Amino acid sequence: MSEKIYYLLHGIQDRYNALYQDNIEKLGDRDIAVASIGGSGQSLLGNILLELGLNYADPYIDALDADGTSKPVPAYAEYRSRLAATDRSDWDADGRVRPRWPRFVKTHLTPEFLEPRPLLGVWILIRDPRDSLYSWHKFRTNFAKDPLDLLAHTFEQWLEQPGPAGVSRLEDWSAFYDAWDKARGSFQRSTVTTFEDLKTNPVPALRKSLEDLQVDVNQADLLQAVERSSFENMRAHEEKRSGTGGSGGATSTRIMRSGTPNEWHDWMTPSLHQKFGTGRIADVARRFGYKTTGS
């Protein structure tokens, strides 16, 4: 490891911490970036991939090696345990995940950060920006409790203040998915999965994306992985891990958000509708099949 400072930002990793910077150097032409903005279902997808026995690595909390292995960083143990499958991962005697290619690597970064590495492909995970940003806001203010996020007293204020990329959350979402969409053609393999399909029609959606990425999985294994990654099963895991039992739902739901499509109907206001329905975010969302201009 380098002498860079490995740190936690108020209990949650920054988007581009020192650990991630070191890990980028270990990526190669058998790695597939799993790209998403926070609140888009990356934890769910990651858990399913782990349940399938695939090599899913989180470079924000794991130390990666070029040989495909990864090793948990102890400082992030609590954060890592939010995934049921992560606690059962196939560690070897040295505490490393046994390599299997391709390796799926989580990222909240735009492609230019990864351009020096010859990646095999990208798996874009996207959610309706209204639900994605609202979920990310809840996570940042209710769980992460970063003082910078708490400066905004409302969701609308939070959308406008600068986030990790130094721009508004609206612009951040737009720039992220615009960049990855335009970069898809530079990879040997690429696919897109929507959060909505992941929740309502997971097996066919995952089957298609895995086929796009030329990864073979058994249908029965896929069905089992999806079932084990259901919100109910993951909540039960969290309650068991935290020792809260059936009465500790508050702890698990603070960390885990079940998420359903079109939750934005419950909180949308005319002023928020205007923000999501005009400008660059509406254009990028439309490109991925989301209509944010209607009611």
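The legends below describe close-up views of a predicted model. Local features are given where pLDDT is at least 70 and side-chain atom pairs where pLDDT is 80 or more, while totals for chains, interfaces and linings use all residues. Residues are numbered from 1 along each chain as its sequence is written, and side-chain values use heavy atoms, with hydrogens and water left out.

**View 1. The largest nonpolar core has 46 residues.** A nonpolar core is a set of buried Ala, Val, Leu, Ile, Met, Phe, Trp, Tyr and Cys residues joined through side-chain atoms within 4.5 Å. Buried means under 20% relative accessible area, exposed over 50%, and partly exposed in between, with a 1.4 Å probe and protein chains only. The members that touch the most other members are Leu 133, Trp 173, Tyr 177, Trp 180 and Phe 276. Helix H7 (residues 169–183) supplies the largest share of this core, six residues. Helices (H or I, at least four residues) and strands (E, at least two) are DSSP runs, numbered from the N terminus. Apart from this core lies another one, of 24 residues, including Ile 32, Val 34, Leu 49 and Tyr 56.

**View 2. The surroundings of Phe 276.** Contact means heavy atoms within 4.5 Å. Leaving out residues up to four places away in sequence, Phe 276 touches, among others, Pro 129, Arg 130, Leu 133, Phe 155 and Leu 159. Its contacts also include Leu 170, Trp 267, Met 268, Ile 281, Ala 282 and Thr 292.

**View 3. Strand S1 (residues 31–35) is mostly covered, with five of its five residues buried.** On one side are Asp 31, Ala 33 and Ala 35, and on the other Ile 32 and Val 34. Two strands pair if DSSP finds at least two bridges between them. S1 runs parallel to strand S5 (residues 103–107), and five bridges join them. Asp 31 has Arg 103 as its bridge partner in S5. S1 is also parallel to strand S6 (residues 121–126), to which four bridges join it. Across from S6, Ala 33 stands opposite Val 122 and Val 34 opposite Trp 123.

**View 4. Strand S6 is mostly covered, with six of its six residues buried.** Gly 121, Trp 123 and Leu 125 point one way, whereas Val 122, Ile 124 and Ile 126 point the other way. S6 pairs in the parallel sense with strand S7 (residues 189–194) over six bridges. In S7, Arg 189 stands opposite Gly 121.
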